[in-house]
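Hi,

Here is the structure I promised to send over. Have a look at it first, and my notes follow below.

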Amino acid sequence: MRIALLLFASILLVSQAAAQMDRQRADPNRPVDELFWSTAVIGTSSVTNLSAGDLNYSIKHAFGLVSSGIENLYGVDGSANIRFGLDYGVRDWLSVGMGRSRFDKVYDFRVKANVLRQTVSGSSPLEVAVLGDVGITTIKNGFSFTDRLSYAGMLMLGRRFSDRLAVQVSPTVAHFNTVFIARDGDGNVVEEENTHIGVAVAANWRLNELFAVVIEYVPVLGGRSDNTTDAVSVGVDIETGGHVFQLFFSTSDWLTEQHMLARNDDDFFAGDFRWGFNIHRTFAF
Amino acid sequence: MRYLSLTLVLAFLAMPVSGQAFMTDSGTAEFESSVPLHSFVGTSEVLVGRIALPDSTVDFYLDLETLDTGNGKRDKDMKKTLDTDEHPFAEFFGKLVSPFDPDGGQQEARVVGSFSLHGVTREVEVSGTLEPTANGLQLNAAWELSLEDYDIVPPKLLIIKVDPIQQVRISALLTPESGT
């Protein structure tokens, strides 16, 4: 009996010595995969932020209305808005950036901070980020500096529900220091509001490692400027490794959050949308 | 008395096994990857490993999500390429097949065993050096790894394909296993 026990103990010890170690993840509270492949959903910002030291260069481009027909090559000949942007990751949770849009010759400066990251362990169920943007129109019109300013503030609440689906809900406020009252072609008074409040809703559905479908809806809640509508965009993200291309149809030809919320005046379901594209390229420094 | 003698025998058997096992959870693993006109290095400082001299067992693994290439976007792309959600570890389990003198200096070391990556396991032989030091065992090794051997499609930067051959290096100071 004693010999049997010794034999058993020896086998046990030898087998323990030869056993593999348990494989353990280095960080059980690591963040989930990025909710969006780029820092923009389409027209508005996404909860995805840059890593520290990363420089992101973006080009946003929105053409004229598709409904303008073949003679305008479905909007390509129309007036296009373009925004060039540079954003830099100061920390893994903090980025700063600036951009310049063709419409109204707007320069905008922004800060985005991720205050909470969704984790795979579920210890944090949400991704939470805040964005602040200040726009300065530089059209020569005699306005004072203060009159030229516009602002956007976004609280982005995102969640990855599965490997494929991520959703973001973003209460947003937009404010323009200067607004106008005018008459339209029919003689009706058109009055703009200084402040708009809305809740941007966005979703990303990954088809595979290369393609994802993205939708974005930016409804205004409460008072709004006359003749404006809620912006709607539908697009495809293409992840090429290094670049992210976004091809989309959108009602909005405005390319900052405050303009998209307050100035959109085309109705997606009336066929008034345009196509556009965004290109994002990230460099490391 | 019977149980006492059994306990002593068990303790005696246990001593040499655990007394000559070495571990690390802070080794360095690097890979060097290249595309035309450009190369980059991914580094992790949390290589986990164990070498048990009595039975020559060598066991290492790396959480691939700890690799840092210095570009957050590229790191995310790399994790997608390696499918780290499904296959989070690169791991080796095998035997030290070259003779090793614990009282000697730096020595050539050769291990043979199974290397697993991206859900594919292959038998490999890796050479390096092993050096007894005052603090434990210093291990250094380097080898070439073919992505295609592990069903990894080399990612593209637009139309430029990443070299499917990666240079891999590991370095670790393994200290005597605690409790010995």
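E65(B) counts as buried because its relative accessibility is 18%, where buried means under 20% relative accessible area, exposed over 50% and partly exposed in between (1.4 Å probe, protein chains only). Its partner is R25(A): the two form a salt bridge with the closest N and O atoms 3.5 Å apart. That pair crosses between chains, from the loop between α1 and β1 of chain A, where R25(A) sits, to the loop between β3 and α2 (72-82) of chain B, which holds E65(B). By salt bridge I mean a side-chain nitrogen of Lys or Arg within 4 Å of a carboxyl oxygen of Asp or Glu. Helices (H or I, at least four residues) and strands (E, at least two) are DSSP runs, numbered from the N terminus.

Before going on, some housekeeping: this is a predicted model, so local features need pLDDT of at least 70 and side-chain atom pairs count only at pLDDT 80 or more, while totals for chains, interfaces and linings use all residues. Residues are numbered from 1 along each chain as its sequence is written, chains are lettered from A and ligands numbered from 1 in the order in which they are written, and side-chain values use heavy atoms, with hydrogens and water left out.

Back to R25(A), which also meets D63(B) in a salt bridge (2.9 Å, N to O). D63(B) lies in strand β3 (residues 57-63) of chain B and R25(A) in the loop between α1 (2-18) and β1 (54-65) of chain A, so this pair joins two chains too. D63(B) is buried at 3% relative accessibility, whereas R25(A) is partly exposed at 21%.

Within chain B, E32(B) and R169(B) form a salt bridge (3.5 Å, N to O). They sit 137 residues apart, in strands β1 (residues 21-35) and β10 (residues 165-176). Over all chains, the salt bridge count comes to 23.

Chain A also has a nonpolar surface patch of about 1,100 Å², with Y57(A), F84(A) and V90(A) among its residues. Patch residues have over 30% relative accessible area and no salt bridge; like charges are joined within 9 Å, nonpolar side chains (Val, Leu, Ile, Met, Phe, Trp, Tyr) within 5 Å. Areas come from the Shrake-Rupley method with a 1.4 Å probe, and for residues only the protein chains shown count as cover. Which strand gives the most to the patch? That is β2(A), with four residues. V90(A) is found in β2 of chain A and is partly exposed at 31%.

Cheers
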